[in-house]
Amino acid sequence: MDRITHTFESLQDEYFRERRNDIVEVGNKILRHLLGKSEKKIAQIDSECIVVAHNLLPSDTLALKTDLIRGFAIDVGGKTSHTALLAQGLEIPAVVGLKDITAQVKSNQTIIIDGSQGIVILDPDKIASENYRREREIQTREKQELIKLRNLPAITLDEKRIEVAANIESSEDVKAVHSYGGEGIGLFRTEYLFLNRTELPTEDEQYEHYSRVAKQMMPYHTIFRTLDIGGDKLAPFIDGYAVESNPFLGLRALRFCLKYPEIFKVQLRALLRASVDGKVRIMFPMVSGVQEFLQGKEILEMVKKELIQEKIPVASKIEVGAMIEVPSAALTADLLAQEAEFFSIGTNDLIQYTLAVDRVNENVASLYEPMHFAILRLVKMVADSAHKHGRWVGMCGEMASDTHFTQLLLGLGLDEFSVVPSFVPKLKKIIRSTNLSEAKQMVTEIMTAPNFNVAQERLNKIKLSLV
């Protein structure tokens with residue numbers, strides 16, 4: 001296995017280099033057979049456990065939403081990989097990018113998952129176990145204290161109102177949004193309704209799902225992100241679909257919807273029908289420029305006219321926004337702001353594409369730097385462009401959930417944060433203790449530094465103060 005995977009790692013072609021993970025997965029299966037180990041399927045879990053796996057896919061999400069799972073230990077992935085985000089949503093610890101944890105762990109073995117430190121302890125002794133039990137009790141008490149803030153507004157010391165919303169993917173998650181004091185849904189991932197199926201969801205099925213969420217979130221708004229998925233996930237439903245060598249830069253999200261408008265229109269009809277049942281906003285993902293966004297809006301308007309002609313009720317005013325996760329969109333935000341009614345910055349992909357770092361590749365995880373000057377400049381550029389045209393700007397990526405960055409992001413001009421529901425109280429606490437004018441001054445000092453060394457020194461001071 002080592003010899004073969006080393007050969008794959010030395011290949012120039014990125015697509016074939018990534019196939020190393022496939023080799024590792026097959027090799028681990030062979031090792032399990034040779035060692036007499038059994039592999040338990042996720043659907044077969046019937047008692048409390050920690051899931052140890054080579055990788056987890058978005059399609060595994062529904063099966064993993066159970067109280068029986070207490071943590072994840074995964075061979076591959078980075079901080080913003082699907083598994084890490086899934087663990088946040090489930091409020092359980094996870095460590096990813098462990099390379100070969102599946103080869104080291106046996107079924108029914110006792111292990112400790114320390115998600116804060118990125119540590120997995122195999123067969124812990126009594127002292128370690130007791131220490132971690134105490135730490136868990138401390139964290140539980142801290143969480144109970146934060147919950148007291150859930151019904152308070154997120155207002156800075158100098159009285160700037162900030163909206164703190166939640167990221168969810170199912171109507172079942174709405175309860176958590178209310179429990180933690182979320183002021184709306186800043187990102188509803190509609191693509192999960194399309195996974196693990198033998199046929200596409202119908203218009204009525206989608207409408208019922210979206211309508212239920214919109215109703216349950218009243219009087220707050222719900223931002224529905226249109227289908228954000230690669231064509232490879234829907235290949236069984238598409239005649240003549242050709243497998244792509246690099247899906248991350250291929251036919252996905254809005255690009256996919258524009259190429260297959262028959263799928264897009266069904267979703268838009270369902271969303272527009274649901275708009276009369278709550279405060280619905282629609283957001284297009286992976287917008288790369290103005291023309292692409294306008295094409296999406298044109299189809300939306302076409303569908304809206306069709307519904308009106310069919311005498312089907314539609315809300316008279318629906319905000320349509322753009323997700324900023326591609327550098328070209330950030331660099332033309334001043335033009336996009338003239339067409340979109342709001343922006344939501346998706347930092348997971350924006351950082352990945354700007355820094356040329358695969359966010360799920362543990363080998364380059366250290367290069368995935370949210371506080372890179374290029375990222376800070378892009379965020380400020382987007383915020384300034386939005387405000388210039390009277391638009392609001394939010395952030396729904398992982399960077400919004402990291403409280404180390406909250407004050408910095410406020411200074412850069414964010415009006416809204418959309419995070420995992422359980423993170424809402426903690427974010428409110430920091431916002432309520434922040435002076436916005438001081439946060440803006442902090443950003444100005446970084447952005448106006450006379451040279452790179454001075455800017456880096458100022459940024460490092462902020463990093464140290466936030467640890």
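## Around the largest cavity

Helix H3 (20-34) and helix H6 (101-104) each give at least two residues to the lining of the largest cavity; helices here are DSSP runs of type H or I with at least four residues, numbered from the N terminus. H3 makes the largest contribution, 3 residues. A cavity is a set of points on a 1 Å grid where a 1.4 Å probe fits but cannot get out, and lining residues have an atom within 4 Å of a point.

The volume of this largest cavity is about 40 Å³, taken as the space filled by probe spheres set on the points. The structure has 1 cavity of 30 Å³ or more.

## About the model

This is a predicted model, where local features need pLDDT of at least 70 and side-chain atom pairs count only at pLDDT 80 or more, while totals for chains, interfaces and linings use all residues. Residues are numbered from 1 along each chain as its sequence is written, and side-chain values use heavy atoms, with hydrogens and water left out.

## Cysteine 257

With 1% relative accessibility, cysteine 257 counts as buried (under 20% relative accessible area, with a 1.4 Å probe and protein chains only). Leaving aside residues up to four places away in sequence, cysteine 257 touches Leu227 and Phe264, where contact means heavy atoms within 4.5 Å.

Glutamine 338 sits 81 residues from cysteine 257 along the chain, and their C-alpha atoms are 22 Å apart.

Notes. Buried < 20%, exposed > 50% of the residue type's maximum accessible area, 1.4 Å probe, protein only. 1 Å grid on protein atoms, 1.4 Å probe; cavity = no way out; pocket = protein on both sides within 12 Å on 5 of 7 lines; lining within 4 Å.
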